Amino acid sequence: MDFPAIIPPLARRGRLAVTERELTTWGEALGRAAHPPLLLTLAGDLGSGKTTLARAICRGYGVADQVTSPTFALVHEYSSPRSPVLHVDLYRLRGEEDLTNLGWDELVSAHALVLVEWPERAGTRLPADHAPITLQHIPDDPDRRLLYAGGHMSSASIERQ
Ligand SMILES: Nc1ncnc2c1ncn2[C@@H]1O[C@H](COP(=O)(O)OP(=O)(O)OP(=O)(O)O)[C@@H](O)[C@H]1O
Ligand SMILES: [Mg+2]
């Protein structure tokens, strides 16, 4: 690789406890390094920092608009010089029908940067070909979150890279 690894080597097997500022700095770098088409999933409990991270990734990717949580609209679209950005939040999804109404299949195969919060709600309709990120609260440390990136992919393919 002739570019710096965006995922710190240790994070492939371990985990990082990051402050909001560290998460934002990392997210901006990830956004700068992202090339479409790319589907990034942002998993984690309520308030774990998914939207905070999405905002940073968008900033790094060149989105000039203010990025707000798409909890009610389910999807917000932004433009950047590189490609459109689709920011999806499936928290309020009621079922498969909502996915269909959302144009999910077109959305995840668009030539875009696609960021999906609550990806597990898509069930089997989540394409296997995505880069997973998970954030987790840390008991007794309200200022940090555990960040898992890439290394928790269930597929063995990452080991073969
Ligand atoms: N280390 C940290 N990383 C990210 N957010 C943090 C951190 N420490 C504190 N916070 C705070 O946690 C909150 C995270 O909110 P955010 O909306 O990003 O979470 P979310 O995962 O998108 O929630 P939701 O499930 O409701 O969509 C913010 O208020 C942020 O300031
Ligand atoms: Mg959110």
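Which strands does α2 lie across, and at about how many degrees does α2 run to β5? α2 lies across β2, β3, β4, β5 and β6 (131–137), and runs at about 170 degrees to β5. The views below start from the sheet and end at the ligand.

This is a predicted model, in which local features need pLDDT of at least 70, side-chain atom pairs count only at pLDDT 80 or more, and totals for chains, interfaces and linings use all residues. Residues are numbered from 1 along each chain as its sequence is written, while chains are lettered from A and ligands numbered from 1 in the order in which they are written.

**View 1. Seven strands form an open sheet with mixed pairing.** The order is β1-β7-β6-β2-β5-β4-β3. The edge strands are β1 and β3 (75–79), and each pairs on one side only. Neighbouring strands are turned by 25 degrees against each other on average, direction ignored. Helices (H or I, at least four residues) and strands (E, at least two) are DSSP runs, numbered from the N terminus. Two strands pair if DSSP finds at least two bridges between them.

**View 2. Strand β5 (residues 113–117) is largely enclosed by the rest of the structure, because 5 of its 5 residues are buried.** Leu-113, Leu-115 and Glu-117 are buried on one side. Val-114 and Val-116 are buried on the other. In a regular strand, side chains alternate between the two faces of the sheet. Buried means that 20 or more other C-beta atoms, placed from the backbone, lie within 10 Å of the residue's own.

**View 3. β5 pairs in the parallel sense with β2 (residues 38–43) and with β4 (residues 84–89).** The pairing with β2 has 5 bridges. Here Leu-40 has Leu-115 as its bridge partner. The pairing with β4 also runs over 5 bridges. Leu-86 stands opposite Val-114, and Asp-89 stands opposite Glu-117.

**View 4. α1 lies across β1 and β7.** α1 runs at about 100 degrees to β1. Axes are lines fitted to C-alpha atoms, for helices over the stretch in contact (C-beta atoms, placed from the backbone, within 7 Å). Angles run from 0 to 180 degrees between N-to-C directions.

**View 5. Ligand 1 has 17 residues around it.** Glu-20, Gly-49, Lys-50, Thr-51 and Thr-52 come nearest. β1 (16–19), α1 (20–33), α2 (50–61) and β7 (144–149) each give two or more residues to this shell. The largest share, 3 residues, comes from α2. A residue counts as near if its C-beta atom, placed from the backbone, lies within 6 Å.

Note on methods
A residue is buried if 20 or more other C-beta atoms lie within 10 Å of its own, exposed if 12 or fewer, and partly exposed in between; C-beta atoms are placed from the backbone. Two residues are in contact if their C-beta atoms, placed from the backbone, lie within 7 Å.
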